[in-house]
Number of protein chains: 2
Amino acid sequence: MDIKLLFDFFETELEKFRKENSKNQPLELYVPISYILQLGGKKLRPLLVLMACELVDGKKEEAIPAALAIEVFHNFTLMHDDIMDNAPIRRGKATVHEQWNNNIAILSGDAMLVKAYQELFKLNPTIQQKVLEIFSKTALEVCEGQQLDMNFETLHNVSIPMYINMIGLKTAVLLGASLQIGALVGGANYEDAQALYDFGKNIGIAFQLQDDILDVYGNEENFGKKKGGDIIANKKTYLILKTLEIADRYSKEELLTWLGHPTKKEDETEKVTAVTKILDFYSIRELAKKEMDFYYQKGLSAIENLPCAQQKKQTLLDFASQLMVREI
Amino acid sequence: MDIKLLFDFFETELEKFRKENSKNQPLELYVPISYILQLGGKKLRPLLVLMACELVDGKKEEAIPAALAIEVFHNFTLMHDDIMDNAPIRRGKATVHEQWNNNIAILSGDAMLVKAYQELFKLNPTIQQKVLEIFSKTALEVCEGQQLDMNFETLHNVSIPMYINMIGLKTAVLLGASLQIGALVGGANYEDAQALYDFGKNIGIAFQLQDDILDVYGNEENFGKKKGGDIIANKKTYLILKTLEIADRYSKEELLTWLGHPTKKEDETEKVTAVTKILDFYSIRELAKKEMDFYYQKGLSAIENLPCAQQKKQTLLDFASQLMVREI
């Protein structure tokens, strides 16, 4: 299994999809779909679909509709999330609602969700029903995760289990479902496909926790985002929630004061430094890393007994470990 | 076939759907779905599903998932359209984005589209694939219709065929698809189901043209909307577009001047009177009625040769004619 080859294979198919799509009328509805699909990105989810399919000795060609459906679905959620988060930039380019307007981003997103389903209808009928069920269940969960994330912005008592549940729904279940669907299309039995789902979901949670850690402790160059961006945005990440859980009253109040109001441009550095100092005092970096490792290991153990060629499994493991290599 | 009985039958099933749905978490995502589904309305689309099913001697119980899917889908489009149109009121109650906010209306709507698909997965597998294809094609067309409607707001040269195409996509195809899907679930062959689609689509266009006429010439009490609302909102209805097509330069300029800027509250009556006078001069009421009758007759002739009990067909015809009885 060659990841680069799978990536190129998928890119070609995605390009075909984009070309066909961009011919449709009215252009105002369909051009934004092509636009968001060419913004780049790691293509993580469709790669997981294809890898899982090959892992169980399926043919990657048969998994293409599923890989496309999941990539189109993922970008639909990005298009709508960007409206909700008021985000002007996505992968260095204007978001759809910035480039056009909110109405177009709502409606093009809606059309993308339908298009994702249409891709799934091309799958082999024997497995289609099961895939449609998993896909729909996952789609609802992603909506639930996004809603919980929005709820948490104004909620005071977000516990660690609540947070893990939220990132599980918002991010991790789709990684799990990508593997599960790819495996089913490739001919896996339900049990093996479920093992891959568990692997993907737990690695996904670990990956999100890593993101939280890197925001504060990452190497800015490797991470590619402004350091402390979550702190500046007052986001309740794992690091913050864990501190609020274990800190004494004084530190807790100090932290809440820092995060209790919007950050002025000129105060950013001071705020990031001060908050980081509180986190450091409670060794939050180590605690977060421990939590991250817990989910990573949980993911690995889910596929320990998966009956497949060790070499193929190793490619998947290497891929997962590449996602986690960034120094923390 | 007893329409009242079908209506009550559907209401019971919709209530079950609402109850199950409203138990889900997070409430912020699922309560708006229950909310919009109990705002009332004629339940036109699910009734068409059930009627078509019975028309071809199918069992109405088997068509329930399709009827629910189409009602949920229709309300999803209303929820998102209301955001786009900035509409504060729907059926006398606050719209979802007014009652909660835009983000919740976007996300609950997204979840509704997934829920609509989930209902369809309960259909008999032998017909499910075909229904999913029709449903998805129609869903995209409804998005296209909404986009065209938004485009027309700022477009100067909207022709009558463009307008008919737009209302066809935005409104009529879903009426056609409701009948087509109901018939397929009931065991109809593709040809008969297509005839019912053509009937529904053309009656739908006639119904929308009637709406345009009633806005200006309707009896306010029967119609239940403020007279001249479309004129006040500068909407390019059939009446306006037809006038622009046939009027002389002077009348055309006068009409465009009236519709070229937002209406002040105190000028509403004067504007409606003045615009109506221009329409009257060109006998637009009669021309619009002729166009409406054309599509109505086209609809009727589509099912002329449909092989089914005359009595059942008559119920469908009566139902269609009830939709059109309002004096114009």
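Start by selecting chain A and colouring by burial: buried residues make up 46% of its 328 residues (buried means 20 or more other C-beta atoms, placed from the backbone, within 10 Å of a residue's own). Keep in mind that this is a predicted model, where local features need pLDDT of at least 70, side-chain atom pairs count only at pLDDT 80 or more, and totals for chains, interfaces and linings use all residues. For your selections, residues are numbered from 1 along each chain as its sequence is written, while chains are lettered from A and ligands numbered from 1 in the order in which they are written.

Stay on chain A and switch to cartoon. You'll find 16 helices and two strands (DSSP runs numbered from the N terminus, H or I of at least four residues for helices and E of at least two for strands). Draw a box along the principal axes, and the C-alpha atoms fill roughly 60 × 50 × 35 Å. The radius of gyration of chain A is 20 Å, which agrees with the value near 20 Å for a compact globule of 328 residues (taken over C-alpha atoms, with the globule rule being 2.2 Å times the number of residues to the power 0.38).

Where they touch, 26 residues of domain 1 of chain A are in contact with 25 residues of domain 2 of chain A (contact means C-beta atoms, placed from the backbone, within 7 Å). Now pick out α3 (44-55) and α4 (60-84) of chain A, each of which supplies at least two residues to the domain 1 side. The largest share of that side, ten residues, comes from α4(A).

Now bring in chain B. The contact between the chains takes 29 residues from chain B and 29 residues from chain A. On the chain B side, select α2 (27-37), α4 (60-84), α6 (102-120) and α7 (125-153), the elements that give two or more residues. Zoom in on α7(B), which gives the most, with 13 residues.

Last stop: superpose the chains. Chain B can be laid on chain A with an RMSD of 0.0 Å by a turn of 180° and a shift of 0.0 Å along the axis (least squares on C-alpha atoms of residues with pLDDT of at least 70 in both). That is the relation of a two-fold axis. Of the interface residues of chain B, 100% are also interface residues in chain A, so the copies meet through the same surface.

How values were computed:
Two residues are in contact if their C-beta atoms, placed from the backbone, lie within 7 Å. A residue is buried if 20 or more other C-beta atoms lie within 10 Å of its own, exposed if 12 or fewer, and partly exposed in between; C-beta atoms are placed from the backbone.
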